Structure formats: structure tokens, C-alpha cells
Amino acid sequence: MTRIRKLFCFDYPKINKMISYLGQEEYARFAKMIMEEPAGILNNLMPLRYKFKPESYILLEDEDILGLITVAPTSGNPYKINITRLVFKQDFYNVGKQLIEFVVAKYGAKGAHTFMVYVDSSHDELCTLFVKGCGFRQCSYENLWKLDNFQPQSTTCAAFRPCQNEDVNYIAELYNSELKNLYKPSMERIAQEYLEPVFAGFNTCYKNRYVLNDADKIIAYISLTTVDNLNFIIDISTNNGYEFDYDEILNFALKEINRRKSSFTAFLKHRQYAKNADKLEEYLHNRNLNCIQTQCVFVKDFYKPVKEAENVLKIFSFGENSLISNIHL
């Protein structure tokens, strides 16, 4: 008999072999997540709009675990769900399909309207599973560039300041304005996604945020994210109408990281769906930096009402609907 249920801490011995191939650090984080599952009891009881922790589900045949899926609500926008982990036995793609369809149906019934996943571009079969098997749409790509032996041409640091909650509306406008029009319906963010999380201590990552002002206008935003206090991802949003010195921005970011950690590895996120993507890529090539990972961005949008009014026929449309979060196989 096949069934899907929540992952519990006592499942660890059964799932241990399935995840043993992961790298040591990732294996340790995954094991810790399983053992901390009892702490998620409060999260399990919360309605979707208040959930603050990832949730995992397993597919069993009799008592044999065939696969696992982990989902996490977007901070500030729990109706945008991220599939952050998918594990199943080799060639058991039907198991992966069942798990994906399960979480889409479960969280969709609770009000979720967007599901996102980032998949390494080398996993052709997994990409096919999401697109042809589960109805996801490929939006674009995100790349990670390793700042290894980074040699800036300028020693000046950009004058960023810590982000405040009153800045979030301007940051969301900045981020959305730099999206290429093709990707806006699915990739736009709301202001609440930039607020400091209420349950920040329960998050799987730690993030510092900064903004750059020109008079009263925010023209750039930068975030520094880490899950292990060793590897840091730098993410930059800039106003397309301004010229920026990326050396100055990266000097600031690396200096801020160095204030907290003397030994670290830094990566720069390059979003190909942003208007300045080509300019940033040219800069990275000129600095002889290496792209170490390319992830496909897949999105599944639920139907959304276009207009609602009393005694008016409701019209529904797809909009344009014709996973450092990672997927592990």
C-alpha cells in the first residue's frame, strides 16, 4: 500500500541510507532538520499564513520509504511555496511526481498560489519531470559565481546602510522594476518579503540586508545570506537607470562578511531574468571569475481571478502560465 505522510524524527534510521550520498555538510544539515522535527509541532498547527518552518513529507510503500519532499513558505509571503528538496530512489520518477503533485494539491487547497523550484541545469530528467510531468513552467536561470581570488580594480566601498522595515516598499519596487517584462507575472515580489521575519531564529538561513540611497531614493539593495556561517551568497538589485561600480558594491559586501567571519567563501548570485544581467555577466568575465552553478527556475501558478464584482461573471486566466535553496537527487 502506497501512502504519503509527514516526516517524523523516528523516520531517521529508515531514511539514513537514502541521504548518505550527500556531502558531509549537507548531510549534517539534513540530519539536523529531521531530528528537530518535534520543534515543528507549533508550525504544523499554524494556518498557512503563519507558517515559519519548512515541512517534509515522505512516500511509503508498505513501510519502505521511496521518496521525500521538503517545502518552505517564502518569508513574508507564505502563499508562495518553495520546493527546496526532492529525494527519491534511482529512476523512481513516478515517486517524485506523486510527491510534487501532493504538495501542490495540499498547499494549493490552503491558499498557496505560486510554487517555485530551482533545479541544477545538469539534471535533465528532473527538469523534464517538473515541466512535462507536473506542469511547471521554466522562467529563466540563476547562476552562482565564486568570488575566488577576487581582485577589484577599486578599493572604495559603496555607501550602503542597514535596511530598515520602512524601506521594504521601495526595495520591492526596485526589484520588480529590474525584472524583464516576460518574467514579471511570476517573479515579482511583495514588500512583506523583505521584512525581518518574526520567527527569525527558526529560519534555516541568516540574512543581512543593506540599501544604497541617492537623496531620498533607494537605488540599490544587497543581501548577504548564509546557512552555515561559512558560505555566503551575495545578491544585488540595482536601478537600471544608474551606473554602478560593481567593485565598490562587492568591496562593501566582502567587508561586511569579514567583520563577522575572518574565513569564508563568497558567491555572487546572477539572475538572468534581470535587466542588468548582461552587464553584470560581462563584469564577472572581465574579473576572471568562474560560474560554478546554473539553476533553472521553474514556476507553477494557480489560476487567479482577473476581476470580481457583484453580479459579474468571474473570469479566470493563467496570466503568463501557458530551486544557496537546492534540489538533491
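A cavity is a set of grid points where a 1.4 Å probe fits but cannot get out, and its lining residues have an atom within 4 Å of a point. The structure considered here is a predicted model.

The largest cavity holds about 70 Å³ of space. Its lining is made up of Ile236, Tyr246, Lys269, His270, Arg271, Ala274, Asn276, Ala277 and Leu280. Strand 11 makes the greatest contribution to this lining, with three residues, and helix 9 (277-286) is likewise among the elements that supply at least two. By class, five of the lining residues are nonpolar, two are polar and two are charged.

The second largest cavity has a volume of about 30 Å³. Around it lie Thr238, Asn239, Asn240, Tyr242, Phe244, Tyr246, Asn276 and Lys279. Here the lining comprises three nonpolar, four polar and one charged residues.

Attention may now turn to helix 6, which spans residues 168-177. Its buried residues are Val168, Ile171, Ala172, Leu174, Tyr175 and Asn176. In an α-helix, residues three or four places apart point the same way, because there are 3.6 residues a turn. The cover over the buried residues of helix 6 includes helix 7 (184-187) together with strand 8 (206-214), strand 9 (217-226), strand 10 (231-238) and strand 11 (265-271).

Conventions:
Residues numbered from 1 in each chain as written. Predicted model: local features only at pLDDT ≥ 70, side-chain atom pairs only at ≥ 80, totals over all residues. Heavy atoms only, no water. Buried < 20%, exposed > 50% of the residue type's maximum accessible area, 1.4 Å probe, protein only. Helix = DSSP H or I, 4+ residues; strand = E, 2+ residues; numbered from the N terminus. Contact = heavy atoms within 4.5 Å. 1 Å grid on protein atoms, 1.4 Å probe; cavity = no way out; pocket = protein on both sides within 12 Å on 5 of 7 lines; lining within 4 Å. Points joined across faces, edges and corners; volume = space filled by probe spheres on them. Nonpolar A, V, L, I, M, F, W, Y, C, P; charged D, E, K, R; others polar.
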